[in-house]
Structures are given as structure tokens and as C-alpha cells.
Amino acid sequence: MEELPGGRRPRLVSTLGLGQRSWEVTLDAERGWLAWRDPRPPRRRGGENYVVPTSEIIAVEETELNEKQRNIGRWQKMAKPHAFTVYYVKKDRNHRWRCGDVTFSCVDEYLYDQWMQALKQLLEMQRSRPKHLLVYINPYGGKRQGKRIYEQKVAPLFSLASISTDVVITEYANHAKDNLFEVNINKYDGVVCVGGDGMFSEVMHGLIGRMQKDSGIDQNNPKAPLVQCNIRIGIIPAGSTDCICYSTVGISDPVTSALHIIVGDCQPLDVSSVHHNNTFLKYSVSLLGYGFYGDTLKDSEKKRWMGPMRYDYSGLKTFLSHHYYEGTISFQRAKHTLGSPRDKDSCRTGCYICKKSEQQLAEQHKERGLKHEEDEEEWKVIKGKFLAINSVNMSCSCPRSPKGLSPAAHLADGSADLILVRKCSRLDFLRYLVRHRNQHDQFDFSFVDVYRVKSFQFTSKLSEDNESNVTVIGKKRFGQFCRDHPACCCNIANSTWNCDGETLDSSAIEVRVHCQLMKLFARGIEKNCNDEAAYSQSSVEQSL
């Protein structure tokens, strides 16, 4: 083991057996990687190099070799080799992770002990990794596979990584939320939810609500500065929709999500609070949709027996009905952010815009004071007839819409992208919807406006009339807005807000974005795993 100058961590270099050959294996704790290479020249089918960041080593275990594995070389046939297996994150295409393993062996017992000790010490130094988790499983979500997915795919990985768990199988709606207000949350390093976006929302509301309650914060006050949640949430996707997992990891895959939890990844996340008349309604991290997406959700709730197909059916039905809604929306621009909704730069791992925006927002709070800042900021007011009003805290990407509703939305910059789709022809609206599935600019339409905001309010025309004490005749006259439309077959004047897949009772809402209010076991979507691996391998080759 080489001792490096300046008190730096050691570098271990050895020739170890791997399969039927001897390989050169290097553990560089200072640079943070484990590498092994075939020392034979490339012309002899050798020259292969493998590199694993030490932060992505899952576990190391003593291994018993079988007779075939022991035949590493003729000179070793008379001795019994000592072996150990390193389990690590193996990155595949499309952001998919798998648990890879490699088994090394040697005859020298002292050398074997050196490697085992070095690797175990390295794992103990990974302070961000969870040791004890609280797991909630929704056995009814999606295709009712949550319990099976956890037991067969996730639990074995947690056991391998020496993570202990307390598992709760939810029995009714909001079971996890209610339980989080009662448990001793401080004994856990994180909370894991197995299910879809609805299950995540339930756990999120429980954690945020518990944190505000313990801190004496009134959630009904829309201007109250909420206390950040330091307990991370892990999402094991097992629902009909897994938008949040897809938008923060890049794929909806239980094994990939479990490995992000094991290595202790941390991704801050903005959360929007939704109020009505100084009464707290919901928190949102992905989509707040009024009009098209609200109507689609409301109709789909009546057809849960159809399974995931209900979204397609209700979406088509809502599109054909082509309802529009009149109202007033006012908002404050997020001037602290560096980016714009029309940017081509998407939010990725280690996002510079998120880091810089959070810093600027913190500086603004210090200079002005949080309580008075919102009153001083200018409000922009827009009145009109809208087919859809969408507010997103993230791209809302999914397999059907890889770019999402707002491709340049950021996970943790303290803002939301407010998308206003004005009344237009059915053909134009179809053109807009199709853009969600291709590479064209989604906002390049005369009837679509997008703003990056930190807060907004919406009031429907019907709510305004009610507050103005209009007569019954006036209300009936306003109801004509819907009936006047050629394709409309009902007389509703208000839509429903779709809040992360759940409906809100009130159409008049007040929304405020809370910067990095919570954290996930994730790292954001990585730019290009293949390029990063190639760079790491090149760096290692120069160092070996």
C-alpha cells in the first residue's frame, strides 16, 4: 500500500486473480475510484480497463471460490486462494442502473486482509449513505405489484448494503401521512415509498406537515416561511404514473431507484404550496393543471376500473369536448433565477442554475426580509379564456413525453414555469399537444405564453362573479360561455385543478414556490453516462 505525501489517503495497487487471469487492480481513495485492467497487450485480446467510482461501491463480501475459479494460474494450483467480491453500480443505457459484481482472489492472506480492510473503511467513510430506513408500501397502487416489487427487487439490495428497514404496508388512504405524524422520525435516515406519484405525495405531505408542526409553523398562512425537510425521500416506482421518479432519475425502474438510495444520493426539490382563502389545500412538486389536465383527471377518476387506459380515454374525451375557461391569473416573476423556460439547457446532475438561483434567492431574503419581499414585487395580471393553465416545478417528463410539459424547468431553482394556453381551434391545440412528444419548441405558438414565476394566483370568472354578488340571471348568462362552444355538451363554467394527480375542490387558488423545501434520494438526470465513463477511464489509464 503506497502512502501518499501530505497525509493523503493511501493508494493500493496489486496483481489479483480475476477469472482465469491475473489483473492489475488499483484502489485510489484520494481520487475516488477502483480500477482493474488486463495488463496484456491489446493484440492478445487484452487491454481491457474497468473503472468504478468508490462512491458507487455497494458492498464487499468474502467469497468462497469453486474449483474452476481457483485455477487462476499453474503456480497457484497448490494453494487455496482467498477471494472477495465487490458489488458496485453498473450503469446501462437510458439511465438504467444495475448491481454489478466482480470477484478478486489472491494466495497471500495478508494482501487479502489489506484489500478487505481498505474497502470496508472506504464504505464506512460514505457518510451520506442511509443505515436505517422507514418504508411505506402501497399494495393497491398501479398494477398491485408494490409488495412483490419491494420484496423481490429492492429488499435484497438493501440487505446486501447492510441497510435495516421498518416496513409499513398501508391499509387506507393517507395511512402513511398519518403514521408520519406519530413515529419517531429522528431514528431514520430516510423514508422510502413504494408506489406511484400518489404514494409519494402522501409521504411528502406527511413529512412536510410533521416538520412544520414540530417547528410551530402555521401551514394555513400562505406567506409563512416553511422549514426545510432534511430527511430524504426515496421513490421505488410501482404505480400507474411515476412522473416524479422519471423526472428526477431519468427512468422509472425499481432497481435503479433502490441503488440511488443505497449510495446516498441527494437531490433538493422545490415544492409549491397551494392555498384558498388562507386555508392550506395541498403541496405540489410536479403539475398544477387547470382546464385540459384538470378535466382529464376528473373524468378518469370515474373510470378507475379501466386501469392506466383511463387516462387515454379521458384525455381523448376532454380533447374532443374542447372546453375553455375564463378567469384572471396574476403572478410574480422569479427574478432570482438565471434561466428561462425557452432555454435549451435542461436541469441535469449538479445543475449550475439551481445552485446559483438558490444562492441569489438566499441573498435577496437577507437583504429585503422574507415577510416584505412579496408585497414589494410587481404583480402581472392577465385576463382571458384558457384551454389550459399549467404550473410545473419540474419538466414532468415521462416515457410518453420524454421532454415533458416544460423541458427547461429546473428541480431546485425556487421557481415554477407557468404555461398559459389560450382559447384556440381544436387543430391548433392538437398541434400543441403533439409537441410534447417531439423535439420542437412547445411554446412556439401565438396562443401559448410561458413565464418563470415564484408565486401566482388564479380566480375563475364564475368565482369573481360570486364574490361580486351577481344575480342568478347573471350566473346563468355566464354559464353560456361553455354552451356557446360548438363541441360543448355541458354547462359547467369552472374546471378542476389537477394537483400532482389529485383534484382540488376550489378553482380559486394562491400558489407559492418554496425553494429546495425537501430532498430526494436522487442525483437528477445525468448528462451522458457513456461520456462520463469514457472520461473516467481515460483519466485512470493516465494514472495507472
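Buried here means under 20% relative accessible area, exposed means over 50%, and partly exposed is in between (1.4 Å probe, protein chains only). This is a predicted model, in which local features need pLDDT of at least 70, side-chain atom pairs count only at pLDDT 80 or more, and totals for chains, interfaces and linings use all residues. Residues are numbered from 1 along each chain as its sequence is written, and side-chain values use heavy atoms, with hydrogens and water left out.

View 1. Asn278 sits in the loop between strand E12 (267-276) and strand E13 (279-284); strands (E, at least two residues) and helices (H or I, at least four) are DSSP runs numbered from the N terminus. With a relative accessible area of 55%, Asn278 is exposed. Its phi is positive, about 60 degrees, even though Asn278 is not a glycine. Most residues other than glycine have a negative phi.

**View 2. Ser162, in another loop.** Here the loop runs between helix H3 (146-160) and strand E9 (164-169). Ser162 isn't a glycine either, yet has a positive phi of about 60 degrees. Ser162 counts as exposed because its relative accessibility is 58%.

**View 3. Gln212, a buried residue of helix H5.** Gln212 belongs to H5 (residues 197-215) and counts as buried because its relative accessibility is 0%. Its side chain makes a reach of 2.8 Å to the backbone nitrogen of Val227. Leaving aside residues up to four places away in sequence, Gln212 touches Ile217, Gln219, Leu226, Val227 and Tyr283, where contact means heavy atoms within 4.5 Å.

**View 4. Helix H2 and what covers it.** H2 (residues 109-124) has 16 residues and spans 22 Å from first C-alpha to last, close to the 22 Å expected at 1.5 Å a residue; that expected span is 1.5 Å times one less than the number of residues. At the start of H2, a side-chain oxygen of Asp108 comes to within 2.9 Å of the backbone nitrogen of Tyr110. The buried residues of H2 include Leu111, Trp115, Ala118 and Leu122. An α-helix has 3.6 residues a turn, so residues three or four places apart point the same way. Among the elements covering the buried residues of H2 are strand E1 (11-18), strand E3 (33-37) and strand E7 (97-106).

**View 5. The chain as background.** The secondary structure comes to 16 helices and 21 strands. Of the 544 residues, 54% count as buried. Among contacts between residues at least 6 apart in sequence, 74% join residues at least 24 apart.

Conventions
A polar contact is a pair of N or O atoms within 3.5 Å; within protein, one must be able to donate a hydrogen and the other to accept it, and residues adjacent in sequence count only if both atoms are side-chain atoms.
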